[in-house]
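Open the model in your viewer and keep the sequence panel beside it. The stops below are meant to be selected one after another.

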Amino acid sequence: MTARPRAAPFSPPVVRPAAGGAVLATGALSVGLLLIGQSVLSAVAFVLAGALWLVLALDVGLRLVQDRPRWFAEADTPPALTAVAATALLGTRCSLAGLHHLAAALLALAFVLWPGLLAAVARHWKRPMPGAVFLVCVATQALAVLAATLTLAGAGNWLMWAALILFCLGLALYLEALTRFDFRQTWRGAGDHWIASGALAISALAGSKLILSPLWTGSAHEALRTTTLVLLALALAWHAVLLLAEVARPRLHYDIRRWSTVFPMAITAAATLAVSTATNIPWLDPLGRALLWSAVAVWFLVLAGLLRSYTR
């Protein structure tokens, strides 16, 4: 009598590395809603992002114990870096809520995860690649945003220097990812191709935090301001191109990678609002608000698609 093969541990379809995009999308919405004074909606999104983060963290831990080969296989792929980006973005929202000790703990956790995952992903880079390749930039810039946010909240200036280094490294990683990106994904991607825009947007958000530091004066401050505005302009341009591509070739079926569409939309809105304040350019504020509410609408559409996928 032959033994029956043991079934693999059950993992719902939402609990995958790419599902970290749901945490990123919800966390980015929470930050953006806070910037426009929607504190109640922001708090709801904050709690939801935290709950999703805990579910994903539990799943990652269980998978490491129960299915280690699969864990290491997934750690070599760009979506694994959503663990770093989601943790850092959640930490940023914690800091904005006054939970600075928790934010610092999340920064430490994200920073510990970052080099190992980044190295694992870089070892398996190839050409061409989908939009998830830009997560090398997103994860790095998310660390920069959190480090700068904590500094502005009263942490040591050394964190702002760390944020500047991460900011520059993130830009270099974006350029490297751009050389590997399959531009055909713009027309046929399942959702993660939007990260090409989101990576620039979170870089602009990091730049808006750096601008506010008194450490930089004169030409250094002006260089940061100019770089941030250029990054935001490029992010908005990418956003427009991707939106037109969606209209020209609709992809209306649900895919978990659609959470990676919501995140760039939300983080572009948050970056536009933050840059408006940091650079004293008022007309960017209504643009950021319009982008944010459109991101909220798409968040609900993707959530509806997720629920429909479960009912099937």
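**Before you start**

This is a predicted model, in which local features need pLDDT of at least 70 and side-chain atom pairs count only at pLDDT 80 or more, while totals for chains, interfaces and linings use all residues. Residues are numbered from 1 along each chain as its sequence is written, and side-chain values use heavy atoms, with hydrogens and water left out. Helices are DSSP runs of H or I with at least four residues, numbered from the N terminus.

**Stop 1: α1 and α11**

Two packed helices are described by the angle between their axes and the distance between the axes. Select residues 20-35, helix α1, and residues 259-279, helix α11; their axes come within 8 Å and cross at roughly 25°. That makes α1 roughly parallel to α11. Axes here are lines fitted to C-alpha atoms over the stretch in contact, and angles run from 0 to 180 degrees between N-to-C directions. Angles under 35 degrees count as roughly parallel, over 145 as roughly antiparallel, 65 to 115 as roughly perpendicular and the rest as oblique.

The crossing of α1 and α11 is left-handed, meaning that the near helix is turned anticlockwise from the far one by less than a right angle. Now show the side chains in the contact (heavy atoms within 4.5 Å). On α1 they include L24, A28 and L35, and on α11 they include W259, F263 and I267. The contact of α1 with α11 has 15 nonpolar, two polar and no charged residues. In this count Ala, Val, Leu, Ile, Met, Phe, Trp, Tyr, Cys and Pro are nonpolar, Asp, Glu, Lys and Arg are charged, and the others, Gly among them, are polar.

**Stop 2: I267**

Stay on helix α11 and select I267. Is I267 buried or exposed? At 0% relative accessibility, I267 counts as buried. Buried means under 20% relative accessible area, exposed over 50%, and partly exposed in between, with a 1.4 Å probe and protein chains only. Leaving aside neighbours within four places in sequence, I267 is in contact with A28, L89, G198, A201, I202 and L205. For a distance to check, the C-alpha atoms of I267 and L200 are separated by 9.5 Å, and the two residues are 67 apart along the chain.

**Stop 3**

Select α6 (residues 135-152) and α7 (residues 157-180), which pack at an angle of about 160° with their axes 8 Å apart. The two helices, α6 and α7, are therefore roughly antiparallel to each other. The crossing of α6 and α7 is left-handed. Among the residues that meet are L143, A147 and L150 in α6, and M160, F167 and Y174 in α7. By class, the contact of α6 with α7 has 18 nonpolar, five polar and no charged residues.

The contact includes V84, A88 and L96 of α4 and V138, A142 and L146 of α6.

**Stop 4: S213**

Go to the loop between α9 (195-211) and α10 (218-248) and select S213. S213 is buried, with a relative accessible area of 4%. A polar atom of the S213 side chain lies 3.1 Å from the backbone nitrogen of L215. Beyond four places in sequence, S213 is in contact with L152 and M160.

**Stop 5: E246**

Move to helix α10 and select E246, which counts as buried at 14% relative accessibility. Which side chain makes a polar contact with the side chain of E246? That of R258 does, at 2.9 Å. A polar contact is a pair of N or O atoms within 3.5 Å; within protein, one must be able to donate a hydrogen and the other to accept it, and residues adjacent in sequence count only if both atoms are side-chain atoms.

**Stop 6: two backbone details**

Most residues other than glycine have a negative phi, and most peptide bonds are trans. Select P128, in the loop between α5 (100-123) and α6; the peptide bond from R127 to P128 is cis, with omega near -10°. Then select N280, in the loop between α11 and α12 (284-311). N280 has a positive phi of about 60° although it is not a glycine, and it is exposed, with a relative accessible area of 64%.
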